[in-house]
Amino acid sequence: MELCRDSSGYLNVSVFNMWTCAWCYKFLFQQKTSKKITLDPDWNRGSPLLVSRNSTFSAVPNVDNPGQTSLVCGTLETADCVRWTSCCRAAKACCQRQTRAPPRGHSTCPSTWDGFGCFDETDAGQTAVITCPEFIEYGFVSDYATKDCTENATWWKDQVYYREWTDYSPCLKIMVYKSVVYVGIACCSFSLILLTPAIIIFLCIKQLRSQQRIRLHLCLFISFVLTSVFTLLWDLFVYSDLLDHPRHQTIMHRNSFGCRLLYFLKRYSVTANYFWMFCEGLYLHRLIVHAFRVPRYLLWYYLFGWGLPFVPLSIYSVIKAGIANHGCWIKNIGAYEWIIYTPNICCILANCLFLCSILRIMVSQLQTHPNEPSGYRRAIKATFVLVPLFGIQMFVIIYRPHGSTPHRFLYEIISKIITDSQGAVITMIYCFGSGEVHSYLRSRCRSCTRELHIRNNTATRTPNVSMTQYTAITASQPRLSCSKDTVLCSAKGDNHENRKRVPVNGQMHTHNFYRQ
């Protein structure tokens with residue numbers, strides 16, 4: 001009889017496959033609280049079952065039986081079902097390797113299945129190494145798990161529970177995932193810090209906001225702000241929560257309406273961002289091709305940039321709600337993802353064509369002035385300036401490597417930097433690095449300084465009012481000297497003498513007024 005070994009001993013092949021499959025469920029989902037029911041393996045090594053904790057439900061853990069597999073998967077989410085069946089099939093393949101491998105001798109640790117991985121016979125005193133299995137949650141599949149074979153040809157056992165132990169810690173690098181989140185948070189925050197004052201500048205300066213080009217920049221900046229805000233909210237409250245807590249305690253597992261709405265808004269803002277980059281490319285291309293003839297209206301640009309992204313997002317959301325309405329819609333739904341990917345990629349491809357056409361026109365103009373080096377410098381500068389505006393750099397990260405690729409997380413960090421800091425780069429080029437903006441800002445500062453100066457001068461000339469008299473005496477009025485028994489005052493002001501009759505103590509008197 002053929003026997004296969006796991007960490008608890010030897011079993012015949014048919015029992016081994018069900019036994020290890022039952023414990024795959026236990027090891028993978030021991031902290032999981034399912035929506036329907038939670039199963040545990042019974043301890044019957046002759047006929048293993050997965051049973052509910054109240055013993056009202058049981059299923060045979062046999063992935064070759066579609067009916068039983070469907071029963072078990074009914075207690076799991078779709079992604080977890082895939083992980084469980086992958087683990088069961090890996091255990092079955094390990095059993096086949098054990099039965100086919102020739103024995104190597106007595107001074108070796110036996111080949112075994114440890115619950116996650118398959119280890120071949122290993123010489124005493126050596127360390128067995130396998131690649132990290134891909135069905136481990138947050139598994140870092142480009143690393144390796146190790147298992148030590150002691151000098152007496154037995155697998156090393158944990159001194160606390162006294163059972164065979166494998167070091168899977170290199171496969172579970174949660175901090176690597178968190179580092180990607182931290183990079184994204186830093187880039188989004190940096191973009192928001194630059195985008196917010198840039199939008200305020202464009203809105204407050206009338207000469208800028210009246211230009212159609214600046215209005216398009218404003219819409220693009222706002223789309224970057226929305227993308228950064230929703231990405232920050234997602235990373236801080238949903239993804240970080242998933243990394244810090246058991247799956248059954250996470251926001252993503254609860255699958256609330258707010259979480260799904262946040263996912264929808266995040267995907268919408270990204271798609272609107274691509275559409276507004278296309279609008280920038282289309283506007284500039286039309287401007288150059290039509291000899292800088294400015295279009296009369298921008299209504300179609302607004303409808304295209306803000307309204308059209310709702311079309312693919314609405315179709316995508318309806319499909320997602322129908323076939324993958326769990327986990328805050330984070331699960332990839334295969335070919336249906338192209339409902340969103342296709343318009344985004346088309347926008348970038350169109351901008352590539354626009355950039356090539358613009359450069360062609362510039363080169364043709366340079367040929368008429370071949371001895372002017374400043375023209376070539378302008379062409380090179382235009383190329384580098386238009387690349388982030390048109391989103392051409394997205395082609396660097398258009399292909400996402402498989403999870404087993406060693407440089408997968410390097411790709412993730414580079415992708416985060418490119419996508420989340422694009423708003424900051426464009427802001428520095430088209431606002432804080434723009435000579436036109438600098439000129440208007442200086443003019444505005446001079447105007448504010450002049451108004452403040454005038455206001456201060458006016459304040460210094462305000463009349464001094466006496467609380468005991470009705471007469472206001474200012475520096476511009478003549479200085480008067482009055483006697484206590486008459487209202488006649490002599491004023492030094494002009495150069496000739498005047499005579500007037502004024503009443504004093506009820507009688508009319510004539511007095512002289514001297515003008516000097």
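Me: Is Cys132 buried or exposed, and Cys171 likewise?

Reply: This is a predicted model, in which local features need pLDDT of at least 70, side-chain atom pairs count only at pLDDT 80 or more, and totals for chains, interfaces and linings use all residues. Residues are numbered from 1 along each chain as its sequence is written, and side-chain values use heavy atoms, with hydrogens and water left out. Burial is judged by relative accessible area, where buried means under 20%, exposed over 50% and partly exposed in between, with a 1.4 Å probe and protein chains only. On that scale, both Cys132 and Cys171 are buried.

Me: How many disulfides does the structure hold?

Reply: A disulfide is counted here when a pair of cysteine sulfur atoms lies within 2.5 Å. By that criterion, the number of disulfides in the structure is eight.

Me: Which parts of the chain does the disulfide of Cys132 and Cys171 tie together, and how many residues apart are they in sequence?

Reply: The sulfur atoms of Cys132 and Cys171 are 1.8 Å apart, and the link is left-handed, with -80° about the S-S bond. Helices (H or I, at least four residues) and strands (E, at least two) are DSSP runs numbered from the N terminus.

Me: Where does the disulfide partner of Cys4 lie?

Reply: Cys4 is joined to Cys95, with 1.8 Å from S to S, and 70° about the S-S bond makes this link right-handed. The pair links distant parts of the chain, 91 residues apart, with Cys4 in strand E1 (residues 3-6) and Cys95 in helix H3 (residues 78-100). Both Cys4 and Cys95 are buried, and the element that holds the partner, Cys95, is helix H3.

Me: What is the relative accessibility of Cys448?

Reply: Cys448 is in no disulfide, and the nearest cysteine sulfur, that of Cys445, is 6.5 Å away. Cys448 counts as partly exposed, because its relative accessibility is 41%.
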